[in-house]
Amino acid sequence: MCLAIPGKIVEFIPDIRSLALVEVAGVRRRVDLGLLDDDKPAKGDWVLIHVGFAMSKISEQDAIEQMNTLAMLGETEAALQEIRGYGLGEEDSEQPAS
Amino acid sequence: MKFVDEFREPELINKAADEIRRLADPSRHYRLMEVCGGHTHAIYRFGLKDILPENIELIHGPGCPVCVLPMGRIDDGLSMAQDPNVIFTAFGDMMRVPGMNGSPLEHKARGMDVRIVYSPTDAIKLAQANPDRHVMFFSIGFETTAPSTALTLKRAKSLGLSNFSIFCNHVTIIPAIRAILDSPDMRLDGFIGPGHVSTVIGCRPYEWIAANEKKPIVVSGFEPLDILQSIVMLLRQLKNGESRVENQYKRVVPWEGNRAALAAMAEVFQLRPFFEWRGLGFISQSALRIRDTYAEWDAEQRFNVPGLRVTDPKAAQCGEVLKGVLKPAQCKLFGNECTPEHPIGALMVSSEGSCAAYFNYEHRKTAMLTNISASA
Ligand code: SF4
């Protein structure tokens with residue numbers, strides 16, 4: 001549970017400042033940005049996600065590397081299962097990356 | 001086994017491995033502890049031991065949250081959920097961790113309402129969807145996870161949610177490192193510092209290890225090259241007689257940590273005077289409790305928690321393995337009574353637990369090689 005998952009911010013949720021829709025390998029879920037209040041990310045930024053919260057901003061290159069690390073660790077499936085499970089697995093159904 | 005050319009940057013891996021061989025004094029035996037369970041997993045998975053010279057020994061540290069939780073806390077959490085009105089929620093890692101009378105999953109099979117959530121905020125969502133039930137979230141984790149719990153509590157308070165509580169089992173990494181350094185049967189030369197815990201606490205809290213204990217510590221990333229580079233940095237310091245804190249994982253870890261996360265933790269949590277750790281015993285100021293201003297959402301203040309103290313099964317040597325005194329395979333139960341399919345101790349459950357990591361990579365590899373040579 002210590003491994004963090006990289007995701008890209010695709011849009012902000014209107015009226016709820018601290019939530020954003022984040023995409024990880026084609027899966028979109030709401031992620032909480034409350035821990036990045038000091039250095040707010042923008043749309044298109046990459047973040048490392050842990051238990052539904054964005055922990056830190058990272059570069060796109062680091063995001064790719066982090067995804068590779070997860071793959072090397074055999075954790076890709078577990079990571080996607082976690083992302084899919086956010087929001088009790090219900091909201092923001094999977095959409096293909098556009 | 002991983003062969004070097006399977007890695008993404010084989011030439012860099014080779015270069016780091018050469019540098020390690022060049023820096024390691026052949027007349028010396030180095031004992032380096034990787035504090036974080038994520039590193040333990042990576043080290044076994046990538047077969048890094050096969051790349052390192054024999055005189056560099058990696059000792060697995062206490063940084064696996066489910067592993068260090070004493071069994072009594074699991075039973076305490078489950079006891080609150082005996083009430084049929086309560087929905088017990090926890091991360092997937094917790095579900096197979098054995099309690100005195102079985103794991104949360106086994107309790108579920110016997111009728112308890114046990115549900116996996118992937119984020120603590122989803123436990124809030126569940127509470128909103130079930131206003132006539134009480135949702136309890138069993139929270140675990142080091143400083144990586146504690147800020148998320150803190151924000152969840154703040155949200156519960158601002159929503160005025162009355163059917164939600166958290167059973168707080170968050171622990172802090174620095175006192176655990178101190179306890180290990182204080183233990184007389186432990187001799188260590190340096191530390192591979194945790195990566196994601198440090199995104200929150202930063203690098204400063206480790207400075208006392210460097211200054212007072214004269215041990216180098218390098219905060220490290222999780223890729224094979226990260227871990228090898230961190231070992232290079234540790235060996236270089238040891239060679240020069242230095243003991244400093246260095247940050248190999250600069251691309252993710254800021255030296256000062258995450259202020260917003262630390263502020264949320266400070267608002268919601270306070271240190272417990274002491275807390276029991278599996279294997280390490282009672283460590284003072286090593287765990288977090290929920291402040292009285294949030295008492296309404298603190299399961300320990302709302303429910304009657306029995307405060308169970310359960311000793312691990314007699315032959316299990318989880319404590320010794322957690323302290324790094326024994327290797328997983330030296331436990332009498334390893335691989336026979338205790339396997340990932342039938343875990344006796346928590347170290348066999350989590351992928352970050354050293355017994356599971358050792359079993360899944362080293363043990364299966366050896367078993368495979370033995371079969372091959374037997375059939376040849
Ligand atoms: S093999 Fe099982 S019982 Fe032995 S130390 Fe590991 S987890 Fe504990």
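**Entry 1: the sheet.** I began with the open sheet of chain B, which has five strands in the order S2-S1-S7-S8-S9 with parallel pairing; I keep in mind that this is a predicted model. Strand S2 (56-63) and strand S9 (245-247) of chain B stand at the edges with a single partner strand each, so one side of each has no neighbour in the sheet.

Entry 2: I then followed strand S1 (residues 30-36) of chain B, which runs parallel to strand S7 (residues 190-193) of chain B and is joined to it by three bridges. For B:Glu34 I found B:Ile192 as the bridge partner in S7(B). Helix H11 (residues 224-239) of chain B lies across S1, S2, S7, strand S8 (217-219) and S9 of chain B, and its direction is at about 155° to S8(B).

**Entry 3: the cores.** Next I looked up the largest nonpolar core, which has 111 residues, and noted that B:Phe138, B:Phe191 and B:Trp277 are among those with the most contacts inside it. Helix H8 (residues 173-182) of chain B gives the most to this core, namely seven residues, and the core draws at least three residues from each of domain 1 (1-317) and domain 2 (318-370) of chain B. Leaving out residues up to four places away in sequence, I listed the contacts of B:Trp277, including B:Val68, B:Pro70, B:Phe142 and B:Ile283. A second, separate core has 29 residues, and A:Leu73, B:Leu58, B:Val218 and B:Leu228 are included in it.

**Entry 4: aromatic pairs.** I count 10 aromatic pairs over all chains. One of these is the edge-to-face pair of B:Phe91 and B:Phe137, with 5.3 Å centre to centre and 75° between the planes. B:Phe91 is in the loop between strand S3 (86-90) and helix H5 (104-109) of chain B, while B:Phe137 is in strand S5 (residues 134-141) of chain B, 46 residues apart. B:Phe91 counts as buried because its relative accessibility is 5%, and B:Phe137 counts as buried because its value is 0%, the cut-off being under 20%.

I also noted B:Phe138 and B:Phe167, an edge-to-face pair at 5.2 Å centre to centre and 90° between the planes. B:Phe138 lies in strand S5 and B:Phe167 in strand S6 (residues 164-170) of chain B, so the pair ties together parts that are 29 residues apart in sequence. Both B:Phe138 and B:Phe167 are buried. Last, I found a cluster in which ring pairs link B:Tyr44, B:Phe334, B:Tyr358 and B:Phe359.

How values were computed. Residues are numbered from 1 along each chain as its sequence is written. Chains are lettered from A and ligands numbered from 1 in the order in which they are written. This is a predicted model: local features need pLDDT of at least 70, side-chain atom pairs count only at pLDDT 80 or more; totals for chains, interfaces and linings use all residues. Side-chain values use heavy atoms; hydrogens and water are left out. Two strands pair if DSSP finds at least two bridges between them. Helices (H or I, at least four residues) and strands (E, at least two) are DSSP runs, numbered from the N terminus. Contact means heavy atoms within 4.5 Å. Axes are lines fitted to C-alpha atoms, for helices over the stretch in contact, and angles run from 0 to 180 degrees between N-to-C directions. A nonpolar core is a set of buried Ala, Val, Leu, Ile, Met, Phe, Trp, Tyr and Cys residues joined through side-chain atoms within 4.5 Å. Buried means under 20% relative accessible area, exposed over 50%, partly exposed in between (1.4 Å probe, protein chains only). Domain bounds come from an automatic or database domain assignment. Rings of Phe, Tyr and Trp (its six-membered ring) pair if their centres lie within 6.5 Å; planes under 30 degrees apart count as stacked, over 60 as edge-to-face and the rest as tilted.
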